[in-house]
Amino acid sequence: MDIHVIVGGAAGQGMDTLAGTLGKLLAHFGFGVLSARDYMSRIRGGHNFSILRAADTTPWAFENRCDLLVCLDETTYLEHIPKLTEDGVFIFDPESFAPPGDRRGVEVPMKDLATEAGGRIMANTVALGACLAVLDLPTTRAEEMLLEAFAHKEGVGEQNIGALRAGYDAVDGPALPVNMPEEGRAGGSRIFLEGNEVLGMSAAASGCRFFCAYPMTPATGIMTYLAGIEDSGVVVEQAEDEIAAINAILGASYTGARSMTATSGGGFSLMAEGISLAGMTETPAVIVLAQRPGPATGFPTRTDQGDLSFALNVGHGEFPRPVLSATHHEDAFYRLNKAFDLADRFQTPVIFLSDQNFADTARTVDEYDFSRLSCDQHLADPAEVELPYRRYALTPDGISPRALPGQLDSQVVLADSDEHDERGFIVEDAATREAMMRKRMGKTSAIAEEMDEPLYHGPEEPEVLLVGWGSTYGALREARAVLEESGTNAGHLHFADIWPLRTDQLGELLAAAEVSYCVEANYTGQFADLVRRETGWEFDHRVLRFDGRPFTPSDIIGEVSGDGK
Amino acid sequence: MANRFLENTDTPTWCPGCGNFSIRKALAEALEEVGANPEEILLISGIGQAAKMPHYINANGFNGLHGRALPVAVGSRSVNPGLTCIVESGDGDTYGEGGNHFLHNIRRNLNIAHFVHNNQVYGLTKGQASPTSDLGMKTGVQTAGVTSVPFNPLSVALSVGAGFVARGFTGDGDHLVTLLVDAIRYPGYALVDILQPCVTFNRINTNSWYRDRVTKIPRDHDTTDRDAALRLSHMWGDEIPIGVFYRVERDTFEDSLADRRKDPSGLEQFNPEQMEYLQDAFRV
Ligand SMILES: Cc1ncc(C[n+]2csc(CCOP(=O)(O)OP(=O)(O)O)c2C)c(N)n1
Ligand code: SF4
Ligand SMILES: [Mg+2]
């Protein structure tokens, strides 16, 4: 089985809850689930929908289609009915609107039934019951979940169960029955979570002790998650602006805590000077940039990969700026931990690129292996450090023993944003400047050694090579699989670590492939530009999407097939 | 006895006669009086002549960006309240570039002492008007004289809710030391705005100009009376009050974090596996 479900309505009608519960249920039954929200930048009204895809194996991306459409309002119907499949089903409330005759329509008086059960607010629970009936799934687990969700509100859980059953009974019979996955896969060791939660949990488990940010979509979910885990030891402070946020995490880091901030393009612009300060003072810091379409306020709730070039160059002056990215839910958990490790080892800011597509998409994954995470601040060994302590001592690899204030007996630590000498004192002379520039920039080659080769799926010598980075991983992975099934000898190379750029594998595959495509969600092809700048190599095609919507596998397959391959 | 805070420092590059020398001396004396060791003190500054202080005092130091000293303190206080934290910066740095941080950190009530070297001018960039420059002051940029009303740091601080508000003058060193000690010992955000003549760029508010005007706040002033403090803070001109305007205690930022903070600094005890329970919330 492999179905797409769309639940739509005006903001405030509770489709999020409905879709979230349905997603959790399907995951509980053992299906692999992917779900995402498509919301407008407003709190009430407008057209908002959640999309959910469930299949026997966990889907990697959404297609532009729908098998079950739940219309909490007419706009949802009008917007999505064109993509409802032949055998699909749509659920509607005759009180809201009357669709033209269509055998696919299932009439459920959601608001009436909800009112009978105790309140119109439960219309979404009625709809959930109807969905379960259409899919021929039992209601027992859903009932348990409702009781849990309303445990703190006397009687409300029971009322919701009434609404659920009313919705279930209102459907004539299963119109879209799904086969339950084999026994044994249900529940157990799998988890279902959003990208922002992956990053928040990874940060907490990486020993991040201070998180400071200013709310900005689509990064805010990280702060909400971290603030919610109250006993985790992570201090969460909402800053007065992003300039404060970046400077605050540097203060915390200098003082001794692993620290992180998260923002989107506008806030990242404000952080630029602070990131440069991290470079100069050699203060570890992790900055998550959750991209959305710019320039300026752009599309606050949509996705984009248009800030890559900015991230690679953010902040004035020259200093190493490693850039990593979130490709998918499994990898990102471990990769953010790597960002913390790089920051501490090389005493440098590390930029971690996410985007709305990753941040707001939930996916089922096997539980994480926390023993794979490391937490080593790479601090100076008090027994070995030379005294008097010099924060910026010149060493062959450019990495000075880093001590925290108060860590070494009778020694002080001076961090300085001016060009400085080994002690941290302001200097003006050319020789020290040159030595310090070489020291800081010299770390780049060692950082490059730590960058992973991109992930590759496909034959050793592909005819068609697809290349991407960041959150397009899922769409590319599915596209490649479909191409392969239809007889195209295709490979997919995907970059999670972006800068310093690894090029060995890319070079070999480009040489082997007859035609290459670089796929990214921006207007100019910023990653392709980076590759050209570093190597002189040019992809045959740049497949670009910049309408704020994530790539679908079909978008990519269409480009490749359109090329006669 | 030699002052430990004046040893092993860089040599000040301020102009001879600059008021900053008096602040350095007063700060070093205050720190000795407080009885802390250099490694227990953290000086945080922005950029400007005043902000060079961490280079001239033997203590831990974070000399960051223009206007951004206070946010650095927010992070530092969040993770290691064991260090005694002092923010040193100029009037431009604090009230101009860093104005937003000034407002919001008074609200936060970090347990820090904030010493603002108020020379009513931008010293480091050679004499432009600062937020506290007097009306009419002519500079290379404000060629027709300053037309914006001066920023009044003390009344702003009082209005936003600061618990310790004082003004000092570099020409009265002993009095200044007392103020600095009180501010360092005060549990919460303590502002000391220090009148500091800039002998090179401020030809109006000179040492003698201040000397003719400063008057110590009378002993009978009630430092717990905010309205009285506000009235005093509005005095500027023929008579300029110095001393403690206001002092009351309230819960600090650090108090609010006490439940949440673990491993104050360093992560030696931390093992990522101890956080495994976090994924229970996402089990299906
Ligand atoms: C972002 C930024 N803008 C401008 C400057 C230039 N700048 C350095 S110090 C300063 C003003 C200093 O005035 P103040 O804070 O009063 O310190 P003072 O030198 O008078 O002690 C300026 C404008 C800078 N370093 N950074
Ligand atoms: S320019 Fe003014 S403030 Fe700066 S050192 Fe000289 S006298 Fe002092
Ligand atoms: Mg000044």
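Biologist: What do buried, exposed and partly exposed mean?

Modeller: Buried means under 20% relative accessible area, exposed over 50%, and partly exposed in between (1.4 Å probe, protein chains only). E29(B) has a relative accessible area of 31%, so E29(B) is partly exposed. K25(B) has 51%, so K25(B) counts as exposed. A caution: this is a predicted model, where local features need pLDDT of at least 70, side-chain atom pairs count only at pLDDT 80 or more, and totals for chains, interfaces and linings use all residues. Residues are numbered from 1 along each chain, chains are lettered from A and ligands numbered from 1 as written, and side-chain values use heavy atoms, without hydrogens and water.

Biologist: Which residue forms a salt bridge with K25(B)?

Modeller: Start with the idea. Side chains of opposite charge can pair when their charged atoms come close. The cut-off is a side-chain nitrogen of Lys or Arg within 4 Å of a carboxyl oxygen of Asp or Glu. Here K25(B) pairs with E29(B), with the closest N and O atoms 3.2 Å apart. Both lie in helix α1 of chain B, four residues apart, about one turn of the helix. Helices are DSSP runs (H or I, at least four residues), and strands are too (E, at least two), numbered from the N terminus.

Biologist: Which residue forms a salt bridge with R108(B)?

Modeller: E237(A), at 2.6 Å between the closest N and O atoms. This pair crosses between chains, from helix α5 of chain B to strand β9 of chain A. R108(B) counts as buried because its relative accessibility is 13%. E237(A) is buried too, at 13%.

Biologist: How many salt bridges are there over all chains?

Modeller: The whole structure has 48.
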